[in-house]
Amino acid sequence: MSTLSAEQVSELSKMLDDRYKELSAELHREVNEQDGFLDVATEAPDPGDSSFANLSVDLGNAAITRDIVELRAIEAARNRMENGTYGDCTSCETEIPYERLKVQPAAERCAPCQEAYEKSHAEGGRGATM
């Protein structure tokens with residue numbers, strides 16, 4: 001069980017709330033401003049136009065996906081706050097240092113477990129390779 005003080009939890013909760021609001025506004029803006037393939041490509045796209053249009057749409061989708069993943073992490077952190085497990089590593093159950101939570105309030109793992117997780121899941125985020 002984490003030994004975070006009520007003041008520390010309150011501060012971290014406010015940080016999560018502020019980031020959630022910021023991401024929600026950003027996501028709303030990105031969705032409304034995102035160009036579709038036909039908006040970017042010309043009427044008779046050549047391979048260069050088509051390639052640029054695909055890249056533009058893919059980059060917009062990647063930004064939206066990134067924001068949604070972070071929003072879900074914030075919601076998961078809020079749930080951990082509610083059930084009393086916030087600040088405990090979900091992998092090894094040791095306490096996550098307050099300093100780490102200040103930098104990454106949605107952190108669900110201590111730094112060593114996060115590093116191990118990223119190494120073991122490195123292929124998951126990678127796209128097609130040559």
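Colleague: Before we start, what does contact mean here?

Modeller: Two residues are in contact when they have heavy atoms within 4.5 Å. And keep in mind that this is a predicted model.

Colleague: Got it. So what does Q114 touch, leaving out residues up to four places away in sequence?

Modeller: Q114 touches R100 and R109.

Colleague: And where does Q114 lie?

Modeller: In helix α5, which covers residues 111-120.

Colleague: Why does Q114 count as buried?

Modeller: Because its relative accessibility is 18%, and buried means under 20%.

Colleague: What about C113, which helix is that in?

Modeller: C113 is found in helix α5. C113 counts as buried, with 18% relative accessibility.

Colleague: Which residues does C113 touch, again skipping those up to four places away?

Modeller: C89, S91 and C92. C89 is 24 residues from C113 along the chain, and their C-alpha atoms are separated by 7.9 Å.

Colleague: Switching topic: how much space lies in the largest pocket?

Modeller: About 380 Å³. The lining has 18 residues, and E70, A73, Q104, A106 and A107 are the closest to the centre of the pocket.

Colleague: Which elements give two or more residues to that lining?

Modeller: Those are α1 (6-33), α3 (47-83) and α4 (98-103).

Colleague: Which one gives the most?

Modeller: α3 does, with five residues.

Colleague: And how does the lining of the largest pocket split by class?

Modeller: There are nine nonpolar, seven charged and two polar residues in the lining.

Note on methods: Residues are numbered from 1 along each chain as its sequence is written. This is a predicted model: local features need pLDDT of at least 70, side-chain atom pairs count only at pLDDT 80 or more; totals for chains, interfaces and linings use all residues. Side-chain values use heavy atoms; hydrogens and water are left out. Helices (H or I, at least four residues) and strands (E, at least two) are DSSP runs, numbered from the N terminus. Buried means under 20% relative accessible area, exposed over 50%, partly exposed in between (1.4 Å probe, protein chains only). On a 1 Å grid over the protein atoms alone, a cavity is a set of points where a 1.4 Å probe fits but cannot get out, and a pocket is an open set with protein on both sides within 12 Å along at least five of seven lines; lining residues have an atom within 4 Å of a point. Grid points are joined across faces, edges and corners, and a volume is the space filled by probe spheres set on the points. Ala, Val, Leu, Ile, Met, Phe, Trp, Tyr, Cys and Pro count as nonpolar, Asp, Glu, Lys and Arg as charged, and the others, Gly among them, as polar.
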